Amino acid sequence: MSQFAINVLFVGGSFAIYIGIAIWAKAGSTKDFYVAGGGVHPITNGMAIGADWMSAASFISMAGIIASAGYGASTFLMGWTGGYVLLALLLAPYLRKFGKFTVPEFIGDRFYSKSARMVAVVCLIIASLTYVIGQMAGAGVAFSRFLEVDATTGLIIAAIVVFFYSVLGGMKGITYTQVAQYIVLIIAYTIPAVFISLQLTDNPIPPLGLFSDHSASGEPLLAKLNEVVTALGFNEYTAMVDNKLNMVLFTLSLMIGTAGLPHVIMRFFTVPKVADARWSAGWALVFIGLLYLTAPAVASMARLNLVTTIYPDMAAQVENYEDAAANPIAYADRPDWIRTWEETGLITFDDKNNDGNIQLYNGAADFSDRGWQGNELEVSNDILVLANPEIANLPGWVVGLIAAGGLAAALSTAAGLLLAISSAISHDLIKGAINPRITERGELRAARISMSVAIVVATYLGVNPPGFAAQVVALAFGIAAASLFPALMMGIFSKRINNKGAIAGMLSGLIFTLVYIFVYKGWFFIPDTNNLPDTEANWVMGISPLSIGSVGAILNFAVAYMVSSVTEEPPQEIQDLVESVRYPKGAGVAIDH
Amino acid sequence: MADDKSNAAAYWKANLRLITGCLIVWALASYGCAILLRPLLAGISIGGTDLGFWFAQQGSILIFIGLIFFYAWKMNRLDKQFGLGE
């Protein structure tokens with residue numbers, strides 16, 4: 001069977017499962033549509049959260065980023081997992097006890113203000129919509145590489161599948177497809193990793209292999225990797241980062257951004273009890289941890305594999321790295337996987353010194369004594385995981401599995417985001433503000449229509465990505481961190497924060513963060529409208545625009561506290577509401593009051 | 001009613017104490033051992049690198065998982081102890 005046929009079989013098979021689940025789990029009520037009926041088991045929910053959370057960025061890009069940045073990219077590993085501790089301790093159980101359908105609904109009720117609810121709706125829609133564009137684009141890449149259709153056709157196929165199970169099944173359909181998608185993506189991610197770990201370290205468990213000895217050289221894997229990359233002028237893989245303040249703030253922004261993203265928080269409304277919300281956060285992090293503990297192993301091993309493919313003399317024990325690094329392979333002898341990926345433009349070769357060999361090294365370093373005139377091989381971070389099975393010479397079915405896994409990661413996150421958007425429109429905007437007397441059936445229809453519109457918009461933006469596609473993650477996390485997380489946390493932990501304080505806090509956190517990002521990245525991401533170049537020398541105190549969300553959050557807390565303390569206390573019934581969310585007693589299934 | 005109130009207040013106080021403790025561990029593992037204190041731990045080597053690197057790429061995640069389960073288990077006991085569970 002050809003590789004193409006195998007890929008079609010795996011991707012088609014997984015899609016058939018998702019559609020089957022959608023038909024089985026059709027939503028009959030708004031409760032089904034928003035919270036899957038409210039009876040999801042915590043382990044099931046944990047798995048669904050895992051798929052909901054792990055996006056195309058986690059599956060496709062993260063290991064590649066770690067491979068190129070080494071220790072410095074640990075921010076992603078810690079930031080995207082540490083947020084679950086905040087969710088479990090500070091938000092999830094209380095929001096579950098509150099027992100409503102959406103995040104803006106809590107903000108609106110707790111701060112007794114329609115304006116606060118609308119500010120939350122706007123933050124939610126900007127954060128989720130920018131995030132979903134990245135998922136659709138990721139699905140497009142996976143389709144075009146593995147199914148030999150162009151990215152646009154691939155995207156439209158993906159959109160139709162998502163449309164089918166999310167519009168039909170709402171949260172109920174999404175929950176059970178996400179469970180299936182989690183299983184597909186985790187198998188796809190770990191199987192190649194196990195093989196590579198065995199090949200390089202004889203240890204079948206990748207996270208242990210990472211800290212084991214490299215079989216071919218007998219040295220510890222990471223020590224070997226450090227020697228190999230420094231011989232080519234790169235920084236040590238495990239080198240310390242100089243700008244520690246920025247690293248701390250970036251990690252913090254990712255953590256509180258994670259805890260404030262509405263599509264993740266919503267998943268905690270689907271479990272029957274407050275205790276289940278706590279357990280499902282733990283299970284979610286177990287399932288997420290399986291991938292996040294594997295990723296750094298994949299990163300270091302793939303980096304070593306890539307370099308030793310180009311410089312075979314460095315593969316085993318090396319007497320003199322200077323000599324070994326002087327002897328790269330000829331372009332004509334490059335392995336097949338480099339040829340395949342060259343076709344996609346994600347690997348490019350430019351023989352700068354016309355010697356027919358591939359010189360891969362840190363282009364900023366000077367190796368003119370070796371006759372090198374610049375780095376000749378550009379490898380995109382995004383291909384590392386997708387190309388892993390080919391780099392390790394694994395059988396064709398593993399490649400098919402990776403294709404299905406990448407699509408599962410992108411589609412499961414897209415569906416969760418689309419649900420967050422559609423529920424904010426139908427429940428918060430239409431039922432909450434425009435037409436409070438809408439019937440249950442009317443609201444369900446409105447939810448389905450807004451979901452369909454959101455899919456069309458996301459697909460359109462995926463096909464025609466705005467210039468800022470690469471910056472959107474910073475934007476989504478910055479907004480969630482600076483606006484939503486502090487409002488939610490203060491709503492639970494302080495009785496004194498009133499409507500004025502909350503609105504002032506959210507707006508100042510949001511505007512401050514947006515302005516700081518725009519100053520360096522361009523106003524509304526329009527190229528060449530930035531006021532200052534986006535380099536470390538220009539950042540205030542060395543804080544990058546990616547890290548600013550945590551500063552915005554601190555500002556939000558401070559402003560909310562100050563404004564509240566000079567204005568009136570919240571009314572008694574609001575203080576009673578805060579009391580009631582603090583104690584699990586009396587929690588029913590999430591209901592619409 | 002007064003008893004109910006003081007019982008609830010004691011429950012909330014115990015919860016806050018537990019959260020504070022857990023968040024101290026959370027911050028020490030990630031911001032502490034993995035970033036700011038890494039130079040201090042450089043002498044302890046593990047698998048060809050230093051302990052700080054292990055915390056950054058593996059240890060902190062394991063500690064996060066442990067923390068959430070510990071908190072859930074402790075809170076379920078508190079819920080029962082104070083009679084405030086479901």
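In this predicted model, 38 residues of chain B are in contact with 42 residues of chain A. The side of chain B that touches chain A draws two or more residues from each of two elements, helix H1 (2-36) and helix H2 (51-81) of chain B, and H2(B) gives the largest share, 17 residues. Sorted by class, that side of chain B has 26 nonpolar, nine polar and three charged residues.

**Tyr71(A), in contact with both chains**

- Tyr71(A) is placed in the loop between H4 and helix H5 (74-98) of chain A, and it counts as buried because 26 C-beta neighbours lie inside 10 Å, where 20 or more are required.
- Apart from neighbours within four places in sequence, Tyr71(A) is in contact with Thr238(A), Ala239(A) and Val241(A) in its own chain, and with Phe53(B) and Ala56(B) in chain B.
- The C-alpha atoms of Tyr71(A) and Pro296(A) are 9.5 Å apart in space, although 225 residues separate the two in sequence.

**Domains of chain A**

- Chain A is divided into domain 1, made of the segments 3-304 and 392-582, and domain 2, which covers 305-391; the C-alpha centres of the two domains lie 34 Å apart.
- Contact between the domains of chain A involves 33 residues of domain 1 and 25 residues of domain 2.
- On the side of domain 1 that touches domain 2, the elements of chain A giving two or more residues are helix H4 (56-69), H7, H8, helix H10 (221-231), helix H13 (274-310) and H17, with the largest share, eight residues, coming from H4(A).
- By class, the residues on this side of domain 1 of chain A divide into 23 nonpolar, seven polar and three charged.

**Packing of H4(A) against H7(A)**

- The helices H4(A) and H7(A) pack at an angle of about 65 degrees with their axes 9 Å apart, and their crossing is left-handed.
- In this contact, Ala56(A), Ala57(A) and Ile60(A) of H4(A) meet Gly134(A), Gln135(A), Gly138(A) and Ala139(A) of H7(A), a set with four nonpolar, three polar and no charged residues.

**Helix H3 of chain A**

- H3(A) has twelve residues and reaches 16 Å from its first C-alpha to its last, close to the 16 Å expected at 1.5 Å a residue.
- Eleven of the twelve residues of H3(A) are buried, so this helix is largely enclosed by the rest of the structure; among them are Asn45(A), Asp52(A) and Trp53(A).
- The cover over the buried residues of H3(A) includes H8, helix H12 (262-265), H13 and H17 of chain A.

**Helix H18 of chain A**

- Helix H18 of chain A (residues 440-463) has 24 residues, which should span 34 Å at 1.5 Å a residue, and the 35 Å between its end C-alpha atoms agrees with that expectation.
- Buried residues of H18(A) include Glu443(A), Leu444(A), Ser450(A), Met451(A), Ile455(A), Thr459(A) and Gly462(A).
- What covers the buried residues of H18(A) includes helix H2 (30-35), helix H7 (114-146), helix H8 (151-201) and helix H17 (396-434) of chain A.

**Gly405(A) in helix H17**

- Gly405(A) lies in helix H17 of chain A and is buried, with 29 other C-beta atoms within 10 Å.
- Leaving aside neighbours within four places in sequence, the contacts of Gly405(A) are with Phe59(A), Val184(A), Leu185(A), Ala188(A) and Tyr189(A).
- Gly405(A) and Gln359(A) are 46 residues apart along the chain, and their C-alpha atoms are separated by 33 Å.

**Positive phi in two loops of chain A**

- Most residues other than glycine have a negative phi.
- Ala36(A), which is not a glycine, has a positive phi of about 55 degrees; it is found in the loop between H2 and helix H3 (42-53) of chain A, and with 27 C-beta neighbours inside 10 Å it counts as buried.
- Met541(A), likewise not a glycine, has a positive phi of about 55 degrees and lies in the loop between helix H20 (499-521) and helix H21 (548-566) of chain A.
- Met541(A) is exposed, with 9 other C-beta atoms within 10 Å, because residues with 12 or fewer fall in that class.

Note on methods
Residues numbered from 1 in each chain as written. Chains lettered and ligands numbered in written order. Predicted model: local features only at pLDDT ≥ 70, side-chain atom pairs only at ≥ 80, totals over all residues. Helix = DSSP H or I, 4+ residues; strand = E, 2+ residues; numbered from the N terminus. Expected span 1.5 Å × (residues − 1). Contact = placed C-beta atoms within 7 Å. Domains from an automatic or database assignment. Nonpolar A, V, L, I, M, F, W, Y, C, P; charged D, E, K, R; others polar. Axes fitted to C-alpha atoms, helices over the stretch in contact; angles between N-to-C directions. Left-handed = near helix turned anticlockwise from the far one by under 90°.
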